[in-house]
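Visitor: I am new to this structure and should like to understand the terms used to describe it. Please show it to me, and then let us take the terms one at a time.

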Amino acid sequence: MFAEHSSDLLMHLAPNGSVRFVSPSIRQFGGLDPEAMIGTDSADFVHPDDRIAITQEHRACLAMPGIVRHFRHRVIATDGSIRWCEAHARAIMDQAGAIDGVISIVRDVTDQRSEIEQLEAAALTDSLTGLTNRRGFERKVGERVRQSRVSRDCLAIFDLDNFKQVNDLYGHSAGDAVLCAFARLANLMLRHGDTVARLGGEEFVVLFPDTGSAQAAEICERLRRRLGETRLAAGGSAIRVTVSGGIAAIGPKGLEAALRMADAELYRAKNAGRDQLSIAA
């Protein structure tokens, strides 16, 4: 009765991973026919990226009978959609004490997973401009570090010139509109693969993967000129703003050192008259 009526999925797998029994709730997971699954390899219904991990979990269950293992994986529904599942599995023994296979109770956690992913995305996104925020930028650079590729990257810090005057003259709503307009322009002007983020206030940062300082400077110069030529509509006014920028290679000292160097170059550009770039030696 439990197997017939539970919304959770009950599976009995042979030691080789083939399906001996699957409860009818498999239909709710992806429209799969429980009768048709008998004798098939259970890994065939798992997302390709998770099959190695699932095989390892199955072997771990067989190696440690009596221990319940908990893991998550994806399955592919008959319509091609992907569902996230949470499994609790353990090996079972026959009357002679030999391992008879693995019993799993599986729950569909797709909705919970979606909510978590949405919360994670919100935590990494600037609520005003929709750009990546500082935390998201640091995570992006961290991925490059793990790939041992960040030493070939470059970054630039931009700061809108005299932004306080925009707020004073036109109001903070107009200032917000200017920040959003710069974010849209930066996304338009940068290359696919470049990452632009808002550090806070009127300060932005751009990551240029596999890019030297000279090439990054060319891209930044195009953005600087385009912004200066553009009149931004905000609060019924056409506002002209400029931007200053500092550019630095990330190199072996890492992100924080590169940010400090780029920030120093930014203020060098500010002190030299604004609306220009400065590159770290």
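Guide: Two strands are said to pair if DSSP finds at least two bridges between them. Helices (H or I, at least four residues) and strands (E, at least two) are themselves DSSP runs, numbered from the N terminus. This is a predicted model, in which local features need pLDDT of at least 70 and side-chain atom pairs count only at pLDDT 80 or more, while totals for chains, interfaces and linings use all residues. Residues are numbered from 1 along each chain as its sequence is written, and side-chain values use heavy atoms, with hydrogens and water left out.

Visitor: In what order do the 6 strands of the open sheet stand?

Guide: The order is E6-E8-E9-E7-E12-E13, and the pairing is mixed.

Visitor: Why are strand E6 and strand E13 said to stand at the edges?

Guide: Strand E6 (132-133) and strand E13 (277-279) each have a single partner strand, so one side of each lacks a neighbour in the sheet.

Visitor: How do you know that E6 pairs with E8?

Guide: DSSP must find at least two bridges; E6 and E8 are joined by 2 bridges and run parallel. Across this pairing, asparagine 133 stands opposite arginine 198 in E8.

Visitor: What joins E8 to E9, and which way do they run, parallel or antiparallel?

Guide: There are 5 bridges between E8 and E9, which run antiparallel. Threonine 195, for instance, has leucine 207 in E9 as its bridge partner. The two strands form a hairpin with 2 residues between them, and glycine 201 in the turn has a positive phi of about 55 degrees.

Visitor: What joins strand E12 to E13?

Guide: Strand E12 (residues 243-249) is joined to E13 by 3 bridges, and the two run parallel. Glycine 246 is found opposite serine 278 in E13.

Visitor: Why is strand E8 called largely enclosed?

Guide: A residue is buried when its relative accessible area is under 20%, exposed over 50%, and partly exposed in between (1.4 Å probe, protein chains only). In strand E8 (residues 195-200), 5 of the 6 residues are buried, so the strand is largely enclosed by the rest of the structure.

Visitor: Which helices lie across E7, E9, E12 and E13?

Guide: Helix H9 (residues 213-229) lies across them, at about 170 degrees to E12.

Visitor: What makes alanine 269 count as buried?

Guide: Its relative accessibility is 1%, against a limit of under 20%. Alanine 269 lies in helix H10 (residues 255-271). Contact means heavy atoms within 4.5 Å; beyond neighbours within four places in sequence, alanine 269 is in contact with Ser244, Gly245, Arg274, Gln276, Leu277 and Ser278.

Visitor: Why is the aromatic pair of phenylalanine 182 and phenylalanine 204 called tilted?

Guide: Rings of Phe, Tyr and Trp (its six-membered ring) pair if their centres lie within 6.5 Å; planes under 30 degrees apart count as stacked, over 60 as edge-to-face and the rest as tilted. The structure holds 2 aromatic pairs. In this one, phenylalanine 182 and phenylalanine 204 lie 4.8 Å apart centre to centre with 50 degrees between the planes, and the pair is therefore tilted. Phenylalanine 182 lies in helix H8 and phenylalanine 204 in strand E9, so the pair ties together parts 22 residues apart in sequence. Phe158, Phe182 and Phe204 form one aromatic cluster.

Visitor: How do you know that the span of helix H8 agrees with expectation?

Guide: The expected span is 1.5 Å times one less than the number of residues. For the 18 residues of helix H8 (residues 172-189) this gives 26 Å, and the end C-alpha atoms are 26 Å apart, which agrees.

Notes: Axes fitted to C-alpha atoms, helices over the stretch in contact; angles between N-to-C directions.
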